[in-house]
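Thanks for coming. Please have a look at it first.

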Amino acid sequence: LSNHRSRSYVDLFAIPRARIPVIKGRDVHADSPYSADGSMHFDICFLNDIAVANSSLLGEYSEIDRRVRELMLTVKSFVKSRKVGSAAESTYSSYTWMVLTIFYLQCIEFVPNLQSRELMKAVGFVLDLQNNPAHRVNGLETAFLSADEVLSSGQWQMNDRVKDLSVSHLFCGFLVFYAKVFPRDLCAASIRRGRCDLQKTAFSRSSRLWRTCIEDPFETYNSHFPHDLGMHADERGQQRIDVALYSGLATIGHCFQIQVDNAMSKKLVSSLVLESPAKTHGLLLQMGVSVKNIGKGDEVEGGSEDEGKSAGKQKQQNKKNKARGQGRGKRGDGEGQADKNRGSGKKKPSGEGTNGNAQGQSQKKSEDGNKSQKQRRPHYRRGNRNKGGKAGGGHKQVAVENRS
């Protein structure tokens, strides 16, 4: 490097204890059009072949449509401004946010699944895990389709419901999806599968109920090196992410209020239920999302920001509370009627009084019997601990004397 170029690299620091050790820095002479001063942040790592495959996969997704790349840059800028885009700060890394962006676009059928075996077969893609080094890296399957192969074959078409959406609408839908629609209590985000059908319990060691589980596209849950991209976020970091999503939704949703409440929600939910309506609808209901009249000015209703319990448990609890309330109401009516009878001077039949006294006496006897059993328990415990010994006999004799 020349002296001029070496002086352009500033803010250099190493993270040696990361999962993949990395050197971070900034190039002040990069002439980047996406920053005010033209600088560009960069990461340098060594002997990490799988990262090359990951970057190539995201690059192919960005070539499907120009809006994909623009949305990815928008999400990057958003998480950077809200300071929730760093795994070192217990939130999601920039790469993780890009995976979430692709997964959201897959769920609304804006982009295909480039790792789909069915699509590979339809396109005529030849999978060679033995001889092609690009299809297998470090023992992991890394084969995927290119954007040109998919678009030129005509085997995949963008969903008509979303093909005319602008980047701003797509970004608003991104916030709606992860703030209210995606069932993170049940499912893991996986661009390898491209739909909400991977249970988060697949990552039994790293998954947590309170945060999103995100599968790496190559280091999958059933590989020899499973990687949950969401594991770097702790509970406080996940809260910061949730606040960022909800506050961003409140800001941009105010600008696109009509579109968000009707058009966007309809397109999101309708696209989600295309592949498996019954299954996806059940997941949404368990999460607490109510889908009303799909295609007729739909609305999506989600829980509040600080909901910590799953909707299924809440529903069961509501049923229990309702049953308890009915029982209390019945008892209250009975007590009120009894008080009314006392006030009016009515006498109960003699049989009811006799039965009440008998029940009271039997209840008192049972309580006395329970007390006597509780007093005897220490005696038996002491005797069992000292079986066959003189000490056991001594304890037993003392207990008899106390009882007399």
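Are Phe-103 and Phe-182 buried or exposed? Both are buried, where buried means under 20% relative accessible area, exposed over 50% and partly exposed in between, with a 1.4 Å probe and protein chains only.

A note on the source: this is a predicted model, with local features needing pLDDT of at least 70, side-chain atom pairs counted only at pLDDT 80 or more, and totals for chains, interfaces and linings using all residues. Residues are numbered from 1 along each chain as its sequence is written, and side-chain values use heavy atoms, leaving out hydrogens and water.

Now the rings. The whole structure has 15 aromatic pairs; rings of Phe, Tyr and Trp (its six-membered ring) pair if their centres lie within 6.5 Å, and planes under 30 degrees apart are stacked, over 60 edge-to-face, the rest tilted. Phe-103 and Phe-182 have ring centres 5.8 Å apart and planes at 80°, so they are edge-to-face. Phe-103 is in helix 4 and Phe-182 in the loop between helix 7 and strand 6, so the pair ties together parts 79 residues apart in sequence. Helices (H or I, at least four residues) and strands (E, at least two) are DSSP runs, numbered from the N terminus.

Tyr-104 and Phe-174 are also edge-to-face, because their centres are 5.9 Å apart and their planes at 80°. This pair links helix 4 to helix 7. Tyr-104 is buried at 0% relative accessible area, and Phe-174 is buried at 0%.

Lastly, Ser-206 is in the loop between strand 6 and strand 7, buried at 14%.
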